[in-house]
Amino acid sequence: MESSRSVPGAQAIARAARLLRLVTAGGAEGASLQDLARAADLSRSTAHRLLSALRAEGLVDRDGDSTRWMPGPELFLMGSVAAARYDVTSLARDIVRSLAVKTEESAFFSVRRADETVCLLREEGSFPIRSFVLSEGVRFPLGVASAGLAILAFLPDHDVDAYLERHPELVHEWGAQHAEAPLRTRLAETKERGYAVNPGLIVEGSWGLGAAVFDRAGRPEWALSLTGVGFRFGPDRLADLGRTLMAHAHQLSTRIANARR
């Protein structure tokens, strides 16, 4: 396969795609030019030039009052067409709701996109103290949040090795517990346990559990997860939450497989 570096214009497309993902990750509040440029590792002038080109095509928009950048109308139209093939949120919605009701914690459905997970659904639990680490549109690298940890754990070993080689920056961006050795330990524990546990590694005191959801071929393409305050995830309750989470993940895997026959 031809390297993307040898394809004319590939660098500009990659930069524009990166900005599009960052804009959508900003959610309803949008994102500032400064934040987008920094996150994309671009100069402000280059980021502004690319964003202006995307705006001319309707892929992003700029709020006149706040000057923050937001997803544009063309993304909605494109997404509506793509949803017919890729969107499984309609299959997951009642399962995510059931998970939130039964556990009383916030429940989520995320999809794998390349080396990241993207949250597609969030359902609040009834417990009044909540964690707001995750919401629709938020992205995390695989192996960081519990959803991505669950997905990464059930990928083939060679894919895990390749992922870790591509992302040596995890330890610098997410802390020492995301160095290769402790991350591999958590991956092994996840495979043995069946679900991932994030003991407040992103935000202190905010715990997460994640279980992979598989396609018909047995690939972990999605995940269900729970988040909440740490004292709700004590040893006695953790096992019950894990069993409930895996039961819902299995139900969703089965539903997706049957729907795509």
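Biologist: Which residue in strand 5 is the bridge partner of Glu116?

Modeller: This is a predicted model, in which local features need pLDDT of at least 70 and side-chain atom pairs count only at pLDDT 80 or more, whereas totals for chains, interfaces and linings use all residues. Residues are numbered from 1 along each chain as its sequence is written, and side-chain values use heavy atoms, with hydrogens and water left out. Strand 4 and strand 5 run antiparallel and are joined by three bridges; strands are DSSP runs of E with at least two residues and helices are runs of H or I with at least four, numbered from the N terminus. In strand 5, Glu116 has as its bridge partner Pro141.

Biologist: In what order do the six strands form the sheet?

Modeller: The sheet is open and its pairing is antiparallel, where two strands pair if DSSP finds at least two bridges between them. Strand 5 (139-141) and strand 6 (196-199) are the edge strands, each pairing on one side only. Read across the sheet, the order is 5-4-3-8-7-6.

Biologist: What angle does the direction of helix 5 make with that of strand 4?

Modeller: From one strand to the next, the twist of the sheet averages 30°; angles run from 0 to 180 degrees between N-to-C directions, and axes are lines fitted to C-alpha atoms, for helices over the stretch in contact. Helix 5 (residues 89-103) packs on the sheet and touches strand 3 (106-113), strand 4 (116-123) and strand 8 (220-229), contact meaning heavy atoms within 4.5 Å. With the direction of strand 4, that of helix 5 makes about 65°.

Biologist: Which residue in the turn between strand 3 and strand 4 has a positive phi?

Modeller: Strand 3 and strand 4 pair in the antiparallel sense over seven bridges, and in strand 4 the bridge partner of Ala107 is Glu123. The two strands form a hairpin with two residues between them. The residue in this turn with a positive phi, of about 55°, is Ala114.

Biologist: How many residues lie between strand 6 and strand 7 in their hairpin?

Modeller: Strand 6 pairs with strand 7 (residues 206-214) in the antiparallel sense over four bridges; in strand 7, Gly210 is the bridge partner of Ala196, and Trp207 is that of Pro199. Gly200 in the turn has a positive phi of about 70°. The number of residues between the two strands of this hairpin is six.

Biologist: Are helix 6 and helix 9 roughly parallel or roughly perpendicular to each other?

Modeller: The axes of helix 6 (residues 146-153) and helix 9 (residues 180-193) come within 9 Å and cross at roughly 75°. The contact involves Leu149, Ala150, Leu152 and Ala153 of helix 6 with Leu183, Arg186, Leu187, Thr190 and Lys191 of helix 9. Angles of 65 to 115 degrees count as roughly perpendicular, under 35 as roughly parallel, over 145 as roughly antiparallel and the rest as oblique. Helix 6 and helix 9 are therefore roughly perpendicular.

Biologist: Which element supplies the largest share of the lining of the second largest pocket?

Modeller: A pocket is an open set of points on a 1 Å grid where a 1.4 Å probe fits, with protein on both sides within 12 Å along at least five of seven lines, and lining residues have an atom within 4 Å of a point. The second largest pocket is lined by 15 residues, of which Arg18, Glu116, Arg139, Pro141 and Trp174 lie nearest its centre. Helix 1 (10-25), strand 5 and helix 8 (170-174) each supply at least two residues of this lining. The largest share, four residues, comes from helix 1.
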